[in-house]
Each structure stands twice: as structure tokens, then as C-alpha cells.
Amino acid sequence: MKQPILVTEHLSHVYMQGTPMEHRALDDVSIQIDRGECIAIIGHTGSGKSTLIQHFNGLMRPQSGSVIINGMNVSDPKLDVKALRRQVGLVFQNPEDQIFEKLVGDDVAYGPFKMGLPIEEVRRRVEWAMELVGLSFEEMKDRPTFALSGGQKRKVALAGVLSLQPKILVLDEPTAGLDPRSRNELLERIKRLNTEERLTVIFVSHNMEEVAHLADRVYVMANGRAVCEGTPRSIFSNQELLHTHHIGTPESVDILYRLRAEGYQVDPGAYSVDEAADQIAHLIGR
Amino acid sequence: MSKEAIIRVQNVSFSYQMNQEQAIPVLHGVSFEVYSGEYLAIIGHNGSGKSTISKHLNGILTPSEGDVWVHGINTREKARIHEIRSRVGMVFQHPDNQIVATIVEDDVAFGLENIGVAPAEMKERVDFALEAVGMSAFRHRPPHHLSGGQKQRVAIAGILAMKPQCLVMDEATSMLDSYGRQEILGVVRKLHRQGMTIVTVTHHMSEVAEADRVLVMEGGQIVMEGTPREVFAHQERLQELHLDVPDASRIAHLVHRQHPAFSSSLIHNHEIVEEVKRLHIRTAEASGS
């Protein structure tokens, strides 16, 4: 039943090796992600999250250890990087890093166009990708990219990646800087891509509400190592782990921990607002 | 709090000029004042105009129509722009976009060099600014090795060295993890206590809860104004505006529905705990008697 689509084994990476600035960014990381999963990678700034995901579409090659993605070995010097990047779409944290055309439609079309697809197919994919992220094709295709809001830019960057129809979508802080509605909307769309389009989704986030809402499983990174793995519930109910690795909690979990510190019987693994409210109602109901 | 306005925004409209025929209107007749010593939050969905208005507060943008006055100086007076910016400093979203030097203390001194501050005073101001943001230990470090929260603190120090009366933060915490955010909020809280005027543009409703006053923007206009508690009372209206309330407010509302005695107007995490304690003691007494 479980079909691994992305596997790293003993992956390590050292920046500026052999210099006084030497820094071990990844240290013996072994993870396995199965087809169709939605995985969150969390950890403090500098824990190695970004270095890890840059291995997923060949932006970085393993120094030691291995990364196998859908049967492709990222260490292979003869690796067809273009083919890998058609399988793995990477959306950067800052959308301005990956928007370079003047018009929205041209920007989303860039990938499929470079793949040499017939123009009708390019148009069809652009329309599909734009609608999928909630950008009206007719209304937005001729908009200049520089006049977009932060949220719109992020959607354009995501559409540009989706137009390549990847099997795996890798997102670095997908909702940083978005307003609450755009955030929820984008999260719902990512969830639908995961459940309906059967896309494997891997995302890096420091927004724990987002992790709680979206992820099937969570990997916790610290000092370049994958120190823990589990469901959001098991991660958030482990206060020691969160504290040791400087990981924030959802606001509702913070409230529950504060109540527990006052001696109340609550389960901080109940991370949704509804569950937290039920627990509190139960407390005063007795 | 004195009601002396340090910034006056009067009937400001603004359009981004695309080309000769086409302009995209962003602000429509916005008027408000920023009072000395207050902590003002501006919220609104992406594209509502809140970042654009914040860039008017120290003359980065000037109005297409209307005026912005900083301490009585019109931001259109380009000759006095240094004077305006030394009074109102601004911190942006991306820490990497606002750090220019290769050593932390040089970066903090950058603005001072530009306005020709004498070396002795420069050192004094840099010391003060790094101390204020808790980054003195890092003064000889290269900024690119710092975490996001530390870089933002350096950016704030660069502004503080200019001794402004007002600090404007345009989503200054949105790229930071929760620890980085707490670092910045701690610094801002301290500055505000010491009398600094703070204007923050943010999507984090728990940050908004700390402000004295909130402006809500929609379609380039101010559509709501009040204390955080007043504004967060309108949960449904905020949702229509693509906004949210802090989780503490949502929890308070939900618990209130089941237990009317539980206040629905709570906005801080600690208030929830206090309310539970208040009611728990009462029910304990009631059941004990």
C-alpha cells in the first residue's frame, strides 16, 4: 500500500568545508515520504530545513548519503535535472524570486513553453493552473506582475510551478505574509491538490496552525538532524520536544499549556480552536 | 496619552501609474492621525492598501491627492525628506532587503554617516541602538550569519540610531518564526513603554491585540477603527473583510456560547486562563456549599 516517492538516506551537507566558517547544515538525515502524503518540515531558523528541500529538485546534490525521488537518484552525475524538476515543483518563500515575466499569463506559461509543448496545450495548462490557485484566467492573465499584491504574487509563483504538472509539490513557507482569508484559501487549495489531484505535498513552515491543519505527518529538524517524526497531535502534545527545539505552538495549544500549568486537567494535543474551546467549556461545566 | 498628532494623513488618494493611459488606484481619500506615544495597528487583507498607506508615513510614497504632514512638514517637500525620515523610521518585511553593510555596527551606523553625525556621537548612538534591541554582543559579526529575528533587530537598531519619534513596521515579523517574532515584539513593547510611537502593519491578530488602537482598511479606505477589543468584537464583519480575530477571541466566543457566564470579549491568551480561574472558583464554591 505504502509507496515511497522520496527517500533520503544518511544525507549530510557541510557548507564551506575545510574553512573556519565550516557549518554542518545537514547531519545524517534519513526520511521517507510516501506517495500522496502531506508532510510538514518544521524547526528553528538554521535547523537545516531549507538545505534539505533544496536537495528535492536537484538545486543541491548530496555531498554524502543519498536522495532518491520517484526512482531518480539525485547523486547521479548524469541525472536529467529537467526531468526531475518536472516531477518536483519547488515554490520559494519569496515569490519575487521566481516571477520574472512582465505579465501574469506569460509568467505561468514560462515552464510549459520551455518544455516545448504545443501552444494550445500551454494555454490549457496555464488556464488550469491559474484557476487551481484561485486566479481568474480571463481577469488576471494580462495583469503586470509588478503591480500584484503579495498574496497574488504567491499564487502566480504557485501556478507557474503547477503548470509543469509535478508529482511532488515542495513549498517553503507557503503562507508567510498572507492575510488570514488568503491563507485559509491557499491552505484549502493545497489540501485539495493533495487529496484530489493526488499530489504529494512537502512544506516547510513556522506557522503551527498551518502545520496542525494540513500535515499528515511532521518531521522536526534541529541542528541539521531530523530529530523527531510523528502526527501533528503527537508533536504538539510533547512540550519538552517543542521547548528544547525552539518550536512555537499554535495559540490554542499555548492557552491549554497555560491552563495545565495552573493545575487544570487538559490535553494540549487538542490543537484546533474548536477542540480547545470544548476542553475549556468542559472544565467550567463541571 | 497626550493627543498631540505627530503624523496627519489628510484625504490621501494614491494610484500606481502603470503607463500613460493606465493607473491602478490603491487609496481613496484616507484620513487619520497618529498620536504621540500611541501604539497603532493597521490591518486589512492583501491588496487593501495598508502597506501603501504605511509607505506614505515617511515620504517613501507621496500622495496623488491630499497631504501627509510629519511634525508639520509636508512629505512633498523633498528638500526636507531627511528631516522627515529622522523622525519617522520604517522597518520592512524582508530583513535581507534592508541590511547594507558587512558588519552589524557599520550597518547600524549607515544612516548616521549619511546625515554627517560626528564620530563620537555616532559611537554613542550605535551603542544605544544595539543595546536597545539586545544585539550589543553581535556588533562585530557579519549580518548574513544572523537569524531572521536578529537581522530584523539590527534593522530596527539602524532606525533607532536616527532617534526617531515614530517607528513604522510594515509586516516586519511576517517572515520570522514564532521565536523571531517574540524577539521583535519584546523590543517593540519596550520601546513603546519608553515613549516611542509605534505604527505596525500586520496579519498577526495576536500582535494587533497589543496595540492601543486599530485601523481596518478595505478597498483603499478605512472602514473600522477602535481599540483591539472593540474591533475584535465584530468577528463576522472581519471575516467578510478577509480578516480574523486572535485564537483567544475565537475560543472565548465558542465557550461563551456554551456558558454565557464566560466573557466573549477576551483577546489575550492569559485572559482565557484568568476567566477559567474566575468561573472555576465560583463553580467550585457553588458545588461545595
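How many residues of chain B are in contact with chain A, and how many of chain A with chain B? In this predicted model, 41 residues of chain B are in contact with 37 residues of chain A. The model scores ipTM 0.81 and pTM 0.84. For chain B the mean pLDDT is 90, and 97% of the residues of that chain reach 70 or more.

- On the side of chain B that touches chain A, two or more residues come from each of α6 (178-193), α10 (247-258) and α11 (269-288) of chain B.
- Of these elements, α11(B) gives the most to that side, with nine residues.
- By class, the side of chain B that touches chain A has 16 nonpolar, 19 polar and six charged residues.

**Domains of chain A**

- Chain A is split into domain 1, covering 4-248, and domain 2, covering 249-286.
- The centres of these two domains of chain A, taken over C-alpha atoms, are separated by 32 Å.
- Between them, 10 residues of domain 1 of chain A are in contact with nine residues of domain 2 of chain A.
- The elements giving two or more residues to the side of domain 1 of chain A that touches domain 2 of chain A are α8 (208-214), α9 (232-236) and α10 (239-244) of chain A.
- That side of domain 1 of chain A consists of five nonpolar, three polar and two charged residues.

**Domains of chain B**

- The domain assignment of chain B gives domain 1 as 5-245 and domain 2 as 246-289.
- Taken over C-alpha atoms, the centres of domain 1 and domain 2 of chain B are separated by 35 Å.
- Nine residues from domain 1 of chain B and seven residues from domain 2 of chain B make up the contact.
- On the side of domain 1 of chain B that touches domain 2 of chain B, α7 (205-208) and α8 (228-232) of chain B each supply at least two residues.
- The most is given by α8(B), with three residues.
- The residues on this side of domain 1 of chain B divide into six nonpolar, two polar and one charged.

**Helices α3 and α4 of chain A**

- The axes of helix α3 (residues 104-114) and helix α4 (residues 119-132) of chain A come within 9 Å and cross at roughly 125 degrees.
- The two helices, α3(A) and α4(A), are therefore oblique to each other.
- The crossing of α3(A) and α4(A) is right-handed.
- In this contact, α3(A) contributes A:Gly105, A:Val108, A:Ala109, A:Pro112 and A:Phe113, while α4(A) contributes A:Val122, A:Arg125, A:Val126, A:Ala129 and A:Met130.
- The contact residues of α3(A) and α4(A) divide into eight nonpolar, one polar and one charged.

**Helices α3 and α5 of chain B**

- In chain B, the axes of helix α3 (residues 104-114) and helix α5 (residues 148-160) come within 7 Å and cross at roughly 35 degrees.
- The crossing of α3(B) and α5(B) is right-handed.
- The contact is formed by B:Val104, B:Asp107, B:Val108, B:Phe110 and B:Gly111 of α3(B) with B:Val154, B:Ala157 and B:Gly158 of α5(B).
- By class, the residues of the contact of α3(B) with α5(B) are five nonpolar, two polar and one charged.

Methods
Residues numbered from 1 in each chain as written. Chains lettered and ligands numbered in written order. Predicted model: local features only at pLDDT ≥ 70, side-chain atom pairs only at ≥ 80, totals over all residues. Axes fitted to C-alpha atoms, helices over the stretch in contact; angles between N-to-C directions. Helix = DSSP H or I, 4+ residues; strand = E, 2+ residues; numbered from the N terminus. Parallel < 35°, antiparallel > 145°, perpendicular 65-115°, else oblique. Left-handed = near helix turned anticlockwise from the far one by under 90°. Contact = placed C-beta atoms within 7 Å. Nonpolar A, V, L, I, M, F, W, Y, C, P; charged D, E, K, R; others polar. Domains from an automatic or database assignment. pLDDT = per-residue confidence, 0-100.
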